[in-house]
Amino acid sequence: MRHLLSTTDLDRAAAIRVLDTAAQMAATQGRQIKKLPTLRGRTVVNLFFEDSTRTRISFETAAKRLSADVINFSAKGSSVSKGESLKDTALTLQAMGADAIVIRHQASGAPHTLAHAGWTEAAVVNAGDGMHQHPTQALLDAFTIRRHLTGGPGNPDGVGNDLAGLHVAVVGDVLHSRVARSNVDLLHTLGARVTLVAPPTLLPVGVGPWPAEVSYRLDDVLAQGPDAVMMLRVQRERMSTAGGGFFPSPLEYTRLYGLDARRLATLPDHSIVLHPGPMNRGLEISADAADSPRAVIVEQVANGVAVRMAVLYLLLAGDGDTAGTAPATGAVPALTSASSSGSTPATTAAPTTTAGATA
Amino acid sequence: MTAQYLLKDVRILDGEPTDVLVAGGLVAAIGPEAGDAAENAPDDLDVIDATGMVLLPGLVDLHTHLREPGREDAETIASGTRAAAAGGFTAVHAMANTTPTQDTAGVVEQVWRLGAQAGWTDVHPVGAVSVGLAGEHLAELGAMADSAARVRVFSDDGKCVHDPVLMRRALEYVKAFDGVIAQHAQEPRLTEGAQMHEGVVSAEIGLAGWPAVAEEAIIARDVLLAEHVGSRLHVCHLSTAGSVEIVRWAKSRGIDVTAEVTPHHLVLTDEEARGYDPVFKVNPPLRTQADVDAVREGLADGTIDIVATDHAPHTREDKDCEWAAAAFGMTGLETALSVVQQTMVDTGRMTWADVARVLSTNPARIGRVEGHGRPIAVGEPANLVLVDPEQRRVVEPERQATASANSPLRGRELPGRVVATFLRGRATVLDGVPQDDPADPRFAAGRVTP
């Protein structure tokens with residue numbers, strides 16, 4: 001795995017490898033000393049062209065827990081037409097010796113361009129690009145679902161498992177959502193059945209070939225008893241004429257597509273509720289639903305750090321160049337000793353088996 | 001100064017090999033008489049072995065962005081027309097979206113004069129329909145028509161004349177001087193922020209969609225307006241199967257509408273966007289394979305009257321960036337004929353006579369351009385292009401004559417090569433090379449790189 005730009009880069013084995021590595025990382029995060037020496041001396045740049053405090057903090061935490069040096073580059077407003085171009089920013093970071101660039105950008109495809117234009121040799125991690133992809137969000141969602149719905153005694157994180165047989169409903173603004181696109185691809189790769197639920201105005205023209213079913217009626221889908229319900233953030237400005245007028249009013253949206261206590265009660269006992277955050281309480285999700293025991297929303301945040309640690313580890317310590325160096329080999333025992341499943345997963349998470357990961 | 005040229009064993013369109021003598025700015029003789037006449041010719045006779053080559057009337061582009069005045073960093077009138085000559089053109093229509101806009105007699109005369117000075121092709125400025133392309137007030141169409149530039153084609157290209165009343169008035173007004181409104185059909189509200197064709201690919205890669213209906217709705221409205229007021233309408237760069245159907249229907253009703261397709265819409269699809277390379281970002285966007293098939297069929301059956309390049313040069317900085325930040329447009333003057341050969345002639349859909357019709361005769365007629373798009377016959381002005389259909393070449397944008405490198409065909413092998421272009425008997429291109437005149441002070445000044 002050279003970059004992580006899209007969940008379509010991951011085949012089933014590669015996706016499970018990331019999730020299993022994340023499980024090992026998560027295990028270390030229960031300790032009092034959370035920091036691992038794995039990426040000591042490596043530099044991770046968080047290049048954020050768009051505000052996203054929570055994603056940036058999550059990546060920053062992940063990199064620091066792996067002992068990487070972290071540089072936060074908030075480039076909001078310096079889009080191409082005014083100020084520095086993406087190209088010059090990339091050349092600058094390359095000159096400064098960035099080993100990985102975590103990029104959030106409002107333009108779909110910007111991480112792809114950064115990775116392939118020849119401007120930098122750094123590994124590129126897509127932290128959300130326009131309406132395209134947000135692969136680490138989908139990975140942390142899959143990690144959370146797998147842990148809750150496939151884990152059991154002796155294997156609480158469901159290590160080694162995929163999501164075959166599970167039914168996941170993804171509800172809300174699919175049209176503008178990179179989270180939805182990443183999740184559809186990854187959940188399908190892991191064997192889950194996906195149903196997209198949205199008003200027709202918030203589904204893309206061209207959704208047909210996606211490996212997902214589509215419904216306009218939330219109640220009908222909930223009646224099927226999905227194992228997980230993933231609520232997407234709906235931006236209030238989508239209802240204004242300037243924002244496109246995608247639905248008549250927030251109240252109507254909530255009535256038809258909001259997850260409230262009544263709808264929550266119709267779900268099977270084992271079903272869980274996810275939300276990528278930040279939530280619009282009272283719009284797509286009520287306080288009752290958000291704060292219920294089924295909601296795993298806060299846990300998603302914690303899992304986000306573990307998943308991002310795993311991604312940075314596999315990208316930076318997982319290539320042949322550095323696998324044999326002291327920091328990387330030092331990291332594997334650290335992982336192993338902390339892992340509940342012994343040394344085997346730690347070594348499978350290591351470099352040699354990741355070579356074929358990119359599609 | 002002007003040499004005489006004897007083209008030996010050349011095929012005129014699809015005809016049998018013959019000889020053609022170009023002299024005195026005219027097609028002086030055809031057949032055995034050409035050789036006889038050449039024997040009595042002065043020393044400056046240039047004999048070209050044209051075995052296997054095809055002679056077409058000089059190409060006429062109804063849709064070229066020369067960028068001057070305003071964006072001379074992307075193209076100048078001299079560099080753009082030199083590229084046009086290299087592509088086999090003898091006349092181009094310079095679109096109005098310059099800075100300042102070509103919306104007054106003064107600006108169109110400036111463009112016309114710079115074109116004449118450059119001497120590579122005839123330059124016919126297109127006049128803006130509305131002042132500053134703002135879509136609010138009619139520009140002084142009559143003044144532009146009566147100017148030295150004799151403007152006959154009016155367009156806000158780059159923007160749609162979306163106000164139906166303004167469009168109606170423009171269609172009516174230009175009847176006074178036999179003008180035509182060339183519409184960039186793009187419903188603006190349906191395409192706010194649009195980046196690429198709306199469909200399966202846009203849904204997957206997350207770029208805002210430019211729906212086919214935004215083009216088709218305007219074309220449908222405009223053909224009905226043209227019918228209502230009895231005016232002439234030209235549809236720029238038609239790109240969808242639905243648009244072909246609407247134009248076909250309009251023509252069947254006798255509406256005076258003509259339509260163009262670009263070379264890139266004949267050969268490329270929205271699948272190209274998957275790599276987010278902005279060289280494939282264009283307006284209207286690349287569509288689906290079904291649309292490509294439909295525009296090819298429409299061109300072959302005459303529903304689409306012409307191929308026009310929409311040559312849109314852009315600087316590197318306007319394309320060397322993320323997709324959403326990049327400019328719309330791609331170059332095309334030097335590859336248009338090859339694309340038409342590849343997609344239409346080599347596939348058996350069209351003859352060379354058809355190529356002459358869609359790249360010369362029809363655009364000259366629509367633009368009311370005199371002396372171009374004429375039959376190749378004795379006594380006609382020698383506006384000609386000599387093509388070798390057997391040669392193949394790989395597109396290298398940096399080696400093209402245009403000042404910009406945003407060709408979407410980089411690295412592709414295309415059939416056909418322009419061997420020579422003649423503008424009123426003067427060779428602007430020989431052996432595939434633009435014939436720069438070292439004595440011309442413009443080259444000495446470095447304005448044009450030979």
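Start with both chains in view: chain A and chain B bury about 1,600 Å² between them, 58% of it from carbon and sulfur atoms (buried area is the accessible area, 1.4 Å probe, that two parts lose on being put together, summed over both). This is a predicted model, where local features need pLDDT of at least 70 and side-chain atom pairs count only at pLDDT 80 or more, while totals for chains, interfaces and linings use all residues. Residues are numbered from 1 along each chain as its sequence is written, chains are lettered from A and ligands numbered from 1 in the order written, and side-chain values use heavy atoms, without hydrogens and water.

Next, select the contact residues: 21 in chain A touch 18 in chain B, with contact meaning heavy atoms within 4.5 Å.

Now zoom in on Lys87(A) and Asp320(B), whose side chains form a salt bridge at 2.7 Å, N to O (a side-chain nitrogen of Lys or Arg within 4 Å of a carboxyl oxygen of Asp or Glu). The rule finds one salt bridge across this interface.

Then colour H3 (86–95) and H4 (110–116) of chain A: each gives at least two residues to the side that touches chain B. Helices here are DSSP runs of H or I, at least four residues, numbered from the N terminus. H4(A) supplies the largest share, three residues.

Last stop: H5(A), residues 135–150. Its 16 residues should span 22 Å at 1.5 Å a residue, and the end C-alpha atoms agree, at 21 Å apart; the expected span is 1.5 Å times one less than the number of residues.
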